Amino acid sequence: MSSHSELDIIVDRDSVSAGDDCDSHEVLITIPRMCPVQDFLFKFAWKKCPLPKIHGGSATWLIISGEEPEASIGVMAQQWEYPRLLISEFTTLDSIYKDKNSRRKVLYFRYYSHADPVEIYKLLLFQQPLPDRFT
């Protein structure tokens, strides 16, 4: 259980194939509230809940701070070295989760199939509807 200066964040991701469904991907990470999101992603989230490599070399993932797509904070692509965040890289976890009513603090990676990650990022940036993720 976390102290007042820490947050318990559940990190999870979509499964990408039938064999990927065998085990849960959910992990609990206790982290300082003032940790920048980018540091959390690189130093903790992807190490504890790695994104699988997809055959063909391209995959798009929404980075969601909560359990709803409307809470997307960025996009990650298998073909990219770094995510493209919709928020400042210096935004702290505390500022992301302070307004969340849920007791469950979740960082979720939603698989968006082989969609063009640049296009998905632009749609999110300009608050446009996303296409179906499996087309």
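Modeller: A salt bridge is a side-chain nitrogen of Lys or Arg within 4 Å of a carboxyl oxygen of Asp or Glu. This is a predicted model, in which local features need pLDDT of at least 70 and side-chain atom pairs count only at pLDDT 80 or more, while totals for chains, interfaces and linings use all residues. Residues are numbered from 1 along each chain as its sequence is written, and side-chain values use heavy atoms, with hydrogens and water left out.

Biologist: How many salt bridges does the structure hold?

Modeller: Side chains of opposite charge can pair when their charged atoms come close. The structure holds three salt bridges. In one of them R133 meets D14 at 2.7 Å, N to O; R133 lies in the segment after α3 (117-125) and D14 in the loop between β1 and β2, so this pair ties together parts that are 119 residues apart in sequence. Helices (H or I, at least four residues) and strands (E, at least two) are DSSP runs, numbered from the N terminus.

Biologist: Which side chain meets D14 in a salt bridge at 3.8 Å?

Modeller: That partner is R110, which sits in strand β6 (residues 106-111), 96 residues apart from D14. Salt bridges that share partners join D14, R110 and R133 into one network.

Biologist: Is D14 buried or exposed?

Modeller: Buried means under 20% relative accessible area, exposed over 50%, and partly exposed in between (1.4 Å probe, protein chains only). D14, at 9%, is buried, and R110 counts as buried at 17%, whereas R133 counts as partly exposed at 22%.
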